[in-house]
Amino acid sequence: MKKALALIILSGLFFAKSALAVCPVCAVAVAAGIGFSRWLGVDDMITGLWVGGLIVALIAWTEGWLDKKNYLKFKGRIFVDILFYYALVVVPLIFIGLIKSAGDKLVLGIIAGSIAFWFGMSWYPYLKERNGGKPYFPFQKVVMPILPILILSILFYYLTK
């Protein structure tokens, strides 16, 4: 029942009207992945993948918004944003005892998920450019960042089972 409900809710991503390169739809998809993985009792490594993806989505979303508004222009702003969002997520997890060491499964998942989401997000403009400035399929900008995390989730599920 839980898996069916999760699948129904996540399928709503494919019916979104429009999306930006890293958009609220992406961030909500990642946040939903975090909630569902914990609800379903999924391993912390897999949950960490989605946490890492959410952090990178929020960083990219913030940077895009700040650039669009031409706000807070200074050298190194991206590093401040990165530090802010990782601290915002990781520090409370340390205080409540979900993260006990740097080698914790949740931390390793956050790192892997961050890299995977960034890779998918960064690959999208390259593929779009190779296709004459057009995406290969509808909602490609939403699918590209989420797909690597989904693949790693499936892989880690079978490795930790």
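Select Q140. This residue is buried, with a relative accessible area of 1%. Buried means under 20% relative accessible area, exposed over 50%, and partly exposed in between, using a 1.4 Å probe and protein chains only. You are looking at a predicted model, where local features need pLDDT of at least 70, side-chain atom pairs count only at pLDDT 80 or more, and totals for chains, interfaces and linings use all residues. Residues are numbered from 1 along each chain as its sequence is written, and side-chain values use heavy atoms, without hydrogens and water.

**Around Q140**

Q140 sits in helix 6, residues 140–160. Helices are DSSP runs of H or I with at least four residues, numbered from the N terminus. Which residues does Q140 touch, not counting those up to four places away in sequence? Show Y124, L127 and P135. Contact here means heavy atoms within 4.5 Å.

**Along helix 5**

Y124 and L127 are also buried, and they belong to helix 5. Select residues 105–130 to see this helix. Its 26 residues should span 38 Å at 1.5 Å a residue, and its end C-alpha atoms are 37 Å apart, which agrees. The expected span is 1.5 Å times one less than the number of residues.

Now colour the buried residues of helix 5, including L106, I110, F117 and M121. An α-helix has 3.6 residues a turn, so residues three or four places apart point the same way.

Go to the N-terminal end. D104 caps helix 5 there, with a side-chain oxygen 2.9 Å from the backbone nitrogen of L106. Then go past the helix. G132 follows helix 5, and its phi is positive, near 70°.

**Charged pairs**

Side chains of opposite charge can pair when their charged atoms come close. A salt bridge here is a side-chain nitrogen of Lys or Arg within 4 Å of a carboxyl oxygen of Asp or Glu. How many salt bridges does this rule give? The count is 4.

Select K105 and D43. Their side chains meet in a salt bridge, 2.5 Å from N to O. K105 is in helix 5, while D43 is in the loop between helix 2 (24–39) and helix 3 (44–68), 62 residues apart. K105 is partly exposed at 39% relative accessibility. D43 is partly exposed at 22%.

Next, select E63 and R77. Their closest N and O atoms are 2.9 Å apart in a salt bridge. E63 lies in helix 3 and R77 in helix 4 (residues 77–95). Are they buried or exposed? Both E63 and R77 are buried.

Last, select K73 and D67. This salt bridge has its closest N and O atoms 3.6 Å apart. Salt bridges that share partners join E63, D67, K73 and R77 into one network.

How values were computed. Helices (H or I, at least four residues) and strands (E, at least two) are DSSP runs, numbered from the N terminus. A polar contact is a pair of N or O atoms within 3.5 Å; within protein, one must be able to donate a hydrogen and the other to accept it, and residues adjacent in sequence count only if both atoms are side-chain atoms.
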